[in-house]
Amino acid sequence: MRQSNKPKRPTRQMSRLMKEAEAELDLVSIYVIGPDEGPVRIGVSRDPDERFRVARVNCVLESKLQFRDSLQGSEKAHEIVDAIIKGCEARGLHIKADWVQLSAKTAIETIRRTAKMFGVKLLSPDQSTMLVKTQVEAALGKVVPMNLFKDLRNRTGQRGC
């Protein structure tokens, strides 16, 4: 019997396990959207790529997704963003909702500093992917090749965290 060199397609079971792992881990991303010089939007989302697509449609500024790091705990993520927005309000830098008059670089530094003050470790996109992958592998009882896992995350729209 001839073996194919073609990588296996992700299974529905793996897709389900991935969604369960992300929910169980309560992974969310804090993101920054906007031009380099600002103003920027700072927010929380399970899928910052989708949030960026929506923001780009509704925004006249030339924007890009400047930053996204994940953390476990949507409640803590919202507390961090709320603290940043309140700090910007106090300094006259709040525009409206989650838009602030900061450069992207300053916003990113502020997120990292505020997360540290809250005792929260931010996870890079690669770190959060590995965390979810480890959970899925434990549930499956076998190792999942990274290219197969990333392919599934991209096709199911779960590349946010």
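Me: Which residues does Lys133 touch, not counting residues up to four places away in sequence?
Reply: Lys133 touches Val144, Pro145, Met146 and Phe149, where contact means heavy atoms within 4.5 Å. This is a predicted model, in which local features need pLDDT of at least 70, side-chain atom pairs count only at pLDDT 80 or more, and totals for chains, interfaces and linings use all residues. Residues are numbered from 1 along each chain as its sequence is written, and side-chain values use heavy atoms, with hydrogens and water left out.

Me: Thanks! Is Lys133 buried or exposed?
Reply: Lys133 is buried, with a relative accessible area of 7%. Buried means under 20% relative accessible area, exposed over 50%, and partly exposed in between, with a 1.4 Å probe and protein chains only. Lys133 has its place in helix 5, residues 125–140.

Me: Let's zoom out. How many helices and strands are there in the protein?
Reply: There are 6 helices and 5 strands. Both are DSSP runs numbered from the N terminus: helices are H or I with at least four residues, strands are E with at least two. From the N terminus on, the order is α-β-β-α-β-α-β-β-α-α-α. Buried residues make up 45% of the 161 residues.

Me: What about the largest nonpolar core, how many residues has it?
Reply: That core has 23 residues, and those with the most contacts inside it are Ile30, Val32, Val40, Ile42, Leu71, Val100 and Ile111. A nonpolar core here is a set of buried Ala, Val, Leu, Ile, Met, Phe, Trp, Tyr and Cys residues joined through side-chain atoms within 4.5 Å.

Me: Which elements give two or more residues to this core?
Reply: They are strand 1 (27–34), strand 2 (40–45), strand 3 (64–72), helix 3 and helix 4. Helix 3 provides the largest share, 6 residues. There is also a second, separate core of 12 residues, which includes Leu17, Met18, Leu123 and Val132.

Me: Nice. At what angle do helix 3 and helix 4 pack?
Reply: Helix 3 (residues 74–90) and helix 4 (residues 104–117) pack at about 120 degrees, with their axes 10 Å apart. That makes helix 3 oblique to helix 4. For the cut-offs, angles under 35 degrees count as roughly parallel, over 145 as roughly antiparallel, 65 to 115 as roughly perpendicular and the rest as oblique. Axes are lines fitted to C-alpha atoms, for helices over the stretch in contact, and angles run from 0 to 180 degrees between N-to-C directions.

Me: And which residues make that contact?
Reply: Helix 3 brings Ile80, Ala83 and Ile84, while helix 4 brings Thr110, Ile111, Thr114 and Ala115.

Me: Tell me about Thr114, is it buried or exposed?
Reply: Thr114 counts as buried at 8% relative accessibility. Leaving aside neighbours within four places in sequence, Thr114 is in contact with Ile80, Ala83 and Ile84. Thr114 and Ala83 are 31 residues apart in sequence and 7.9 Å apart in space, C-alpha to C-alpha.

Me: New topic: the backbone. Which peptide bond is cis?
Reply: The bond from Gly38 to Pro39 is cis, with omega near 0 degrees. Pro39 has its place in the loop between strand 1 and strand 2.

Me: What is phi of Ala97, and where is Ala97 found?
Reply: Ala97 has a positive phi of about 45 degrees although it is not a glycine. Ala97 is found in the loop between strand 4 (94–96) and strand 5 (99–100), and at 60% relative accessibility Ala97 counts as exposed.
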